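Thank you all for coming. I would like to walk through one structure this morning, going from the sheet to the helices and then to a few side chains.

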Amino acid sequence: MAEKEVSSAAAGGREEELKKELQSVVKKIVDEDNYGIEITLKAISILSDLSDTVLTKKFRCPISGEIMGDPVVLSSGLTYDRPSIQKWLNEGNLTCPQSKEVLSHTILTPNCLVRKLISSWCKGHGVAVPRSHQDSNGEMSTEFDRVYFNSLVTKMFSSLTDRKEAAKELRRLTTAAPSYRAVFFEFTDPISRLIGPILEGSVDSDPELQEDLITTFMNMLVDSDNMKLVADNPDAIPLLIKSLEFGTIETRKNAAVALSMLSSDNDRRLLIGNAGAPMPLLQLLREGHPIAMKEAASAILNQCVEYNNKEKFIELGAVKVLLEKIREGKLVDELINLVAQLSTHPKAVNELSELDTVHCLLGIIRETESERTKENCVAILYNVCLNDVGLLKVIWTEGIEHQTLAKLVDTGTARAKRKATALATKIGKLFPTIL
């Protein structure tokens, strides 16, 4: 503490000196009509030095007197360097070192703004950035991080204000640092502790809290070790499904992302499908919100790898919804891919066997620059038209003017060529004068 006081006193003395010097220079500028450029530059130089002095004073830890490498906010609202304030707390102190206020809790919240300002100032002045408790990749490097992370999860059963603060910090940490996602499964019953606050009332009773927790949930699933934790918890998947229906659009989108990630395993696909996900996923897609529609389509695609889920979506009217959105020009590439997936089911073939649909698909093949989309379109035509003479005649007639299928036979991807060639061969037998 003695070194800190000397350092602070020195900084304070330097600041006073610069202020007096600046006053003298400014007085000359104000009083003299013909002051030169030299005095102006001197004033600018003093201001720069004063700014650096004030900033470095603000960036110093009140305990150590050193520039902070890991600034954190105490419950009193004051900022300290983590190692210093953690040492203070570990010694049994329950008050703020500066304000002497009794602490309501001992959770240390990272002060990201101050950290960013310190980093920017250090780089601008050629000074080494003080080492943080996280390395350059955001990885944990001390036991303090686990304690801190666990304390945030524990706050989920505190007051509403504490819950909301902790939820925002959990969202930030699991977004920025892979290590926080990886450590999640180490704690006791982490899923129930995380989602408990939402389960206590209606799902969307506090949309902001819900959004932060569902986003944390989604972030956590990036680490594959957490997948089983979710599948084994009886409340997790139902909560995600409810969050598809209720909450902010960000919440609903992130719930769809989480379900899509969970659908990487066939057993979980069945579990999610049987838990009632198809209807709210399809509704989210039907609403057509730009930031949510794509994630809903991705989740449905992953769900439809499982045959029973595919049938559920078809029975709920997925084919009609997808064709409507495609005709509106929304997410055409993604939705055509999904229609191609559904077109392998007989019930979808019946719904796709419309003249307008065939013309629509042929039009997309002609207009799109995406080889993958052309491939998916001809795959749908193959599944729908190969054994339907009436629809093959539509393609035959279209070929007279546009030669759409013939061009794919020559220039498409390997899969597109196979499908187009099979259709062309069938049409050639039925209508030998064309193709």
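This is a predicted model: local features need pLDDT of at least 70, side-chain atom pairs count only at pLDDT 80 or more; totals for chains, interfaces and linings use all residues.

Let me begin with strand 1 (residues 71-73), which is joined to strand 3 by two bridges, the two strands running antiparallel. Within that pairing, Val-72 has Pro-110 in strand 3 as its bridge partner. Three strands in the order 2-1-3 make up an open sheet with antiparallel pairing, and its edge strands, each pairing on one side only, are strand 2 (79-81) and strand 3 (109-110). Two strands are taken to pair if DSSP finds at least two bridges between them.

Residues are numbered from 1 along each chain as its sequence is written, and side-chain values use heavy atoms, with hydrogens and water left out.

As for the overall picture, the protein has 24 helices and three strands, where helices (H or I, at least four residues) and strands (E, at least two) are DSSP runs numbered from the N terminus. Of the 435 residues in the protein, 47% are buried; buried means under 20% relative accessible area, exposed over 50%, and partly exposed in between, with a 1.4 Å probe and protein chains only. Among contacts with a separation of 6 or more, 65% are between residues 24 or more positions apart, a contact being heavy atoms within 4.5 Å.

Now to helix 4 (residues 112-124), whose 13 residues should span 18 Å at 1.5 Å a residue, and whose end C-alpha atoms are 18 Å apart, which agrees; the expected span is 1.5 Å times one less than the number of residues. Which residues of helix 4 are buried? They are Val-114, Ile-118, Ser-119, Trp-121 and Cys-122. These residues cover an arc of only 165° around the axis, which puts them on the same side of helix 4, the arc being that of the directions from the helix axis to the C-beta atoms. On the other side of helix 4, Leu-113, Lys-116, Lys-123 and Gly-124 are exposed. After helix 4 comes Gly-126, with a positive phi near 65°.

Helix 14 (residues 278-287) has as its buried residues Pro-278, Pro-280, Leu-281, Leu-282, Leu-284 and Leu-285, and it is followed by Gly-288, whose phi is positive, near 75°. In the loop between helix 13 (266-274) and helix 14 we find Ala-277, which is buried, with a relative accessible area of 0%. Leaving aside neighbours within four places in sequence, Ala-277 is in contact with Ile-241, Leu-244 and Ile-272.

Finally, the aromatic rings. A search of the whole structure finds one aromatic pair: Trp-396 and Phe-431, which are tilted, at 4.9 Å centre to centre and 35° between the planes. Rings of Phe, Tyr and Trp (its six-membered ring) pair if their centres lie within 6.5 Å, and planes under 30 degrees apart count as stacked, over 60 as edge-to-face and the rest as tilted. Trp-396 is buried at a relative accessible area of 17%, and Phe-431 also counts as buried, at 15%. Elsewhere, the charged end of Lys-419 sits over the ring of Tyr-382, 4.2 Å from its centre, the criterion being NZ of Lys or CZ of Arg within 6 Å of the ring centre and within 35 degrees of the ring normal.
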